[in-house]
Amino acid sequence: MPVTPRLLQLGLLSVFLIPAAAQAAPLYSVKNLGSLGGDSGDVRAINNSGSVVGYSLNSNNISSAYVSRGGAMHSLSPDKSTRSFASGINDAGVAAGQVLTGGGESRAVTFSGGKIDTLGTLGGSNSSAKGINNAGQVGGSADRADGTQAAFRYTPGGQMRDLGTLGGDNSLGTDINNSGVVVGRSDLANGQYHAFRADDSGMRDLGTLGGNYSEANRINDRGAVVGFSYLAGDANSHAFMYDNGVMTDLNTLGGANSVSYGINNAGHAVGSSDIAGGMAVHAFLYADGTMLDLNSLVGPGFGWTLNYAADINDLGQITAHGCNTTGLCRGFLLTPDDGVAKVSEPGTPAILALGAGMMLLGMRRARRVRAQN
């Protein structure tokens, strides 16, 4: 009889297809990164070991750069009165950022092993480091002697290199990948600004999503870039991914605006988006052509609202910022979680049991058919 193998096939198919559908969206366990004694904290970057950098208010309510490893937050600032910020970290654990001097000027620095190294400027008063690669090269921005600002690439043992502009006066560097490619934004001759990527052959204009302005925030090792661009009319801006010469609109979580801050080597992007109604901004994960609200992926009872995701590493770990109903804000580390049974979607054991049940039901139906015949 053809009924028996057909029902068995359907039962077996349910075992394999249902878990794939139910687990299409990743689920995360969440760790609060804490603070350095103050009321708020921020996140900026994560490396492939899960170490997070950013800045937090200390017990003197002074912004201090930090690194969080294994659930412990450590200040990178030389003392509690010096303002400092960390914006990037490489896989060796070396962080990049800036320290404010006593005169109010900022200096691009790296933080490593309790030591702070100043990278200098391009002849002006201020500089800031944003990204650092595994070779220790740093991308950021610095003032020139004439008061304009330029994106730079700093190479250890070398010097800070002015990467120029797209025809205007200023440029801003935001990240660097392991090939030494720097991204950011640059003024055009007409006063607009566009996202760029700069390598040894020069600075390339990445264009826009139809508006007059765009900015790149992060680049992965394949050269894919994320950031934001204004749409035609310049009323709203959307997160974009630029890859293989094409800028793709990542859309939003239902609201008017979005921006992407991070991308890993798998091409998964994170950022922040207005939600429908425009009453709040939520952190998002963009993967496989779909933008997902991270707040829907952390399970019930979390108690905080994730408003932006700053970065994602190659293990899929995400660092995000969130606030609770009292206004307290913290940085968080989100780690992909295999324990899917604790959230609203059914877990693997339950799904396997469902598939087995369907198989058993199919066998019983087949016996009834045979008996009737």
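**Close-up views of salt bridges and a loop contact**

D42 is buried, with a relative accessible area of 6%. In this predicted model, the views below show selected side-chain pairs among the 9 salt bridges found in a search of the whole structure.

**View A. The salt bridge between R44 and D42.** The closest N and O atoms of the two residues are 3.0 Å apart. Whereas D42 is buried, R44 counts as partly exposed at 29% relative accessibility.

**View B. The salt bridge between E105 and R107.** The two side chains meet with an N to O distance of 3.1 Å. E105 is partly exposed, at 28% relative accessibility, and R107 is also partly exposed, with a relative accessible area of 22%.

**View C. The salt bridge between R144 and D162.** The closest N and O atoms of this pair lie 2.7 Å apart. R144 belongs to strand β11 (residues 138-144) and D162 to strand β13 (residues 160-162), so the pair ties together parts that are 18 residues apart in sequence. R144 counts as buried at 16% relative accessibility, while D162 counts as partly exposed at 32%.

**View D. A salt-bridge network of R153, R161 and D200.** Salt bridges link these residues in a network.

**View E. N324 in the loop between β27 and β28.** This loop joins β27 (318-323) to β28 (329-336). The side chain of N324 makes a polar contact of 2.7 Å with the side chain of T326. Leaving aside residues up to four places away in sequence, N324 touches G303 and W304.

Conventions:
Residues are numbered from 1 along each chain as its sequence is written. This is a predicted model: local features need pLDDT of at least 70, side-chain atom pairs count only at pLDDT 80 or more; totals for chains, interfaces and linings use all residues. Side-chain values use heavy atoms; hydrogens and water are left out. Helices (H or I, at least four residues) and strands (E, at least two) are DSSP runs, numbered from the N terminus. A polar contact is a pair of N or O atoms within 3.5 Å; within protein, one must be able to donate a hydrogen and the other to accept it, and residues adjacent in sequence count only if both atoms are side-chain atoms. Contact means heavy atoms within 4.5 Å. A salt bridge is a side-chain nitrogen of Lys or Arg within 4 Å of a carboxyl oxygen of Asp or Glu. Buried means under 20% relative accessible area, exposed over 50%, partly exposed in between (1.4 Å probe, protein chains only).
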